[in-house]
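Hi everyone, thanks for coming. Please have a look at the picture I am putting up, and then I will walk you through a few parts of it.

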Amino acid sequence: MPSFSERTMMIWSLCLIISLSNRILVIASSSRHLCRPYQKDALLEFKNEFHYNVMAGKTESWRNNTDCCSWKGISCDPKTGNVVELDLQDSFLNGPLRSNSSLFRLQHLQTLDLGLNNLTGILPASISNLKYLRNLTLYNCNLFGKIPSSLGNLSYLTDLDLSVNDFNGELPGSVGYLNRLTELRLVSANLTSLVSLDLSFWNTRRGNVDFTIFLHLKSLKLLHLSNMNTKTMVDLSLLSHLMSLVSLMYFSCSDNRFPGEISREICKLVYLDTLVLSNNNFNGSIPRCFEYFNTTLSVLNLRNNSISGVFPAESICVYLRSLDVGHNKISGELPKSLINCTRLEFLNVEDNMFNDKFPFWLRLLPNLQILVLRSNHFHGKIFSSGASLIFPKLRIFDISRNLFTGVLPSDYFAGWSAMSSDVGIVDSTPDRILGRGSGFYHRSVALTNKGLNMELVGSGFKIYKSIDVSGNRIEGDIPTSIGLLKELIVLNMSNNVFTGGIPPSLASLTNLQSLDLSQNRLSGEIPPELGKLTFLARMNFSYNMLEGPIPQGTQIQSQNSSSFGENPGLCGFPLEETCGGNEEEATKKEEDEEKEEKDQVISWISAAIGYVPGVLGGLAIGHILHSYKFGCQVKKGTDIYMNLGHGMEWRRMIRSLCFIFSLYASVLVFASHAAHLCRPDQKDALWEFKSEFYVDGLHSDGTPVDKKTERWKNNIDCCSWDGISCDPKTGKVVELDLTDSFLNGPLRSNSILPDSVSNLKYLRVLSLGGCSFYGQIPSSLGNLSYLTNLDLSHNEFIGELPDSMGNLKKLTDLGLDHNKISGNFPHVLLNMSELTQIDIGSNQFEGMLPSNMSSLSKLVYFDINENSFYGSIPPSLFMIPSLIQLYMGRNSFSGPLEIGNISSLSPLGFLALGDNNFNGPIPRFITKLVGLWYLDLALWNTEKGKVDFSIFLHLESLTFLDLSYINTRSRVDLSLFSDLMSLGYLDLSGINLKISPTLHLLSPIEILTLSSCNIAEFPKFLETQTSLSYLDISANQIKGQVPKWLWRLPLLRIPSLVLKDQRTLFNEVKFYFLI
């Protein structure tokens, strides 16, 4: 047993061991959290990159002798010691964020917050080095310039705040690749030149979206916010703020489950061309104020909501080209005011509660191509003895599932020209949005084809032709004129009360793919001619009173027995009922005869094509000679006559001749069918074009890439491929539309536009906009001599336009905007006399415009905006009699504007000359442009001269007027503009204004900018401007209180009110302004 002293020693030793162990654990624990040395160095270097006016803020605590993970604003990964969060918000940082900043060595950062610092300068592209960033906040940092496209490389980013800075230019398209992004804030970012913003299919992962970020994009023409997968339930009163988007022409927020009524404020968007609100939860009625779109709106899609009530007649816009209100709860009659929509091509009111007679007056719409009335309560006869129902351009006619009755006359379908000929219908979509047409909007319609429900979209509208009258109570015989519709693909007359026999004229429908005559009272036999319809893949004759043998054509034999069921008198395959005891023998004999006939055709078909004309000619000559010989011999005796007249040789000759004619007819029918298939050389050219590219099948988040060419299959007809349209008669590819098809990829290294596209030499339409092509435009495009529409916009093309483009003599529409094409104005365009639209805006063209611009005598739309053209504008440009829209802003044109003797009948309605270097007086010729509704003369240098502002009073149609900073010494009385009753946008910034206390402007001004106008008191006339939604009176000399009535203006919102830089601050203003 140990002694007392030994026990004491043991206890002290144990305590010492425990103490040392704890110290080791503490040291080990501390060492795990130590910041990595190179990251500490990077942070200290970053601190020293800035100067501090007052204190260093959070960085004041940063000391080299302490663990950086304990510094203010720093968080580290407890396992690795890597700095993962840097929060220096409001830390008094002063100075630019350098492109080689040590910050970018902190490559494990996941959160970076530099908001509320003075980082004056551009945001460097090297921000993308922080590839693991999830949250990036640069709020109110005085950053300017363009937002770098490299932000698109931050693939983990979920939250991005760039608000309250002075960014300009366009939001880079690469931001669209941030598929994890759930929050994006751009409030007050100065993206003033942003024209098109498409954020559709942005997966917000059911996160919140601050929709007010779009309200500052004043130049926006296209805003696409569909399929954003947000949980934000947005009342469309948000659209009242969109009044600041004065130029908005296209707005879509479909597929977002938005609730509530459609706000009447949307009617303030007076330039709107396309409005798509489909697939949401909107309720209430259709706003009557849609009548305000009377001269602008061409596409209205309210499909698949819960809209109810009657369709107000006054809300119909006469310029409508496409109207879709399908799948709602609309009742009452179809508004007869549609008869004024002479441009209407597409009308779909399916699945509503319309209760009306058949609208015979629709036959007066000359361009109607698609009419869908299905699933409503339409009733009565669809035939009127007083007027023939002729639809010359109709291609889809669907009145199924209604209550229609009556008998159809035999000539009912006579005059339906588009279905009876293979003449293609030209899509007359006007290019009113960004000079590119309404290509962003795709119509769709549900159809039943071959027993399957399908949705027809895109180019299918140009080739698909169908009739569906099923589910009614129509009686009498099927009109024999149905056989005139030779281009029909789908015919559904099922579930009616049709009687009589099946008309044999149906055999003339050689393109028919689906035929449904089931559930009627048809009798007699199935015409055997139907067995020769080689494209007929699906047919249904069930539930009738048909009898006799089923024809044994190849297509009929492939049908299921249910297609012939419930016809007690029918027999033969595929039914189990036989047609008498000798059926097997008769069937075998029929099959043998058919096989023999096929063998004969195969043997003769190749020889017949080449030899038939020769044989016929030889027979004709032989017959003439023989007749001549007979005429000579008949005098020598009657024996010869008897031998010739009754000889077997003569009869054999007649039989041979009949056989040859029959065979030749079969060859022609075969050739006719073949003509509707894509030609092998065309398929090879398309396949070669596709093989130029490689696109990964998945996005970085694992979702599949939607790319048209990926759905091209070599074993199917190329005319059915996505983006392809063919001439139905010749099988030649006439349209290739791969707009925004992600061809870039990831692309191979040769992501230029390949020469292989020139192999498609019959193309009439080539649309490759937004495909990220770069390099020079290939000269081989000049070989496409049939081309009428060419769109290569929104790519990265460089260099000059090739001279070979001058070969495109039939070209009418040319879109090259938003590229990097350089050189002088392409003189080859002057030889293309059919051009109606030219858009070469947002490129790098320079030099002077040629003097003979009037050679473009059919020009309607001319956009050279945002280039570097200089010199004077040739007067010949204004002499073009058809010119309506002229975009020439943001160039370097100079000198006085001399136009010459322009006609007062000029149709010019849109004239944008702002942001150039013009000097001298504003030309008085403007007074002759009485149809002008948009005029931009911003930054016109009048050289401090006087301006006669009364010249604008002749322009009574003006809705948009920008005279900002025109550098005049004139003091202008604002009352001069009181006679412009249609004015909705007025910018007089930089002009010395006189505003009378009794001024009253009657025009419904919605956007008013009076910045730097030397205004001394708050304008009282604003109290009556109830349409005002945006007001800028910054940089004036106003003092005192903000009048209380200002806050009562119904449409004005605080984010739209700009009051900063006043000489004296307003008293008692307690609002926070986003300015």
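Let me begin with contacts, meaning heavy atoms within 4.5 Å. Among the contacts in the chain with a separation of 6 or more, 58% are between residues 24 or more positions apart. Now a word on where this comes from: it is a predicted model, where local features need pLDDT of at least 70 and side-chain atom pairs count only at pLDDT 80 or more, while totals for chains, interfaces and linings use all residues. Residues are numbered from 1 along each chain as its sequence is written, and side-chain values use heavy atoms, with hydrogens and water left out.

Next, the chain as a whole. There are 1075 residues, and 50% of them count as buried. Buried means under 20% relative accessible area, exposed means over 50%, and partly exposed is in between, with a 1.4 Å probe and protein chains only. The chain exposes about 48100 Å², and carbon and sulfur atoms supply 53% of that. These areas come from the Shrake-Rupley method with a 1.4 Å probe, and for residues only the protein chains shown count as cover.

What about helices and strands? The chain has nine helices and 62 strands. Both are DSSP runs numbered from the N terminus: helices are H or I with at least four residues, and strands are E with at least two.

Four strands make an open sheet in the order 23-25-29-31, and the pairing is parallel. Its edges are strand 23 (379-381) and strand 31 (497-498), each of which pairs on one side only. Two strands pair if DSSP finds at least two bridges between them. Strand 23 and strand 25, which covers residues 403-407, have three bridges in the parallel sense. One example is H379, whose bridge partner in strand 25 is L403.

Now for the disulfides. How many does the structure hold? It holds four, where a disulfide is a pair of cysteine sulfur atoms within 2.5 Å. One joins C69 to C76, with 2.1 Å from S to S. The link of C69 and C76 is left-handed, with -95° about the S-S bond, and both C69 and C76 are buried.

Another disulfide is formed by C571 and C579, with sulfur atoms 1.8 Å apart. This link is right-handed, at 110° about the S-S bond.

C719 is buried because its relative accessible area is 10%, and C726 is buried because its value is 8%.

Finally, the aromatic rings. The structure holds 32 aromatic pairs. Rings of Phe, Tyr and Trp (its six-membered ring) pair if their centres lie within 6.5 Å; planes under 30 degrees apart count as stacked, over 60 as edge-to-face and the rest as tilted. Y412 and W416 make a tilted pair, 6.1 Å centre to centre with 50° between the planes. Y412 and W416 are both buried, and they belong to one aromatic cluster that also includes F354, F404 and F413.
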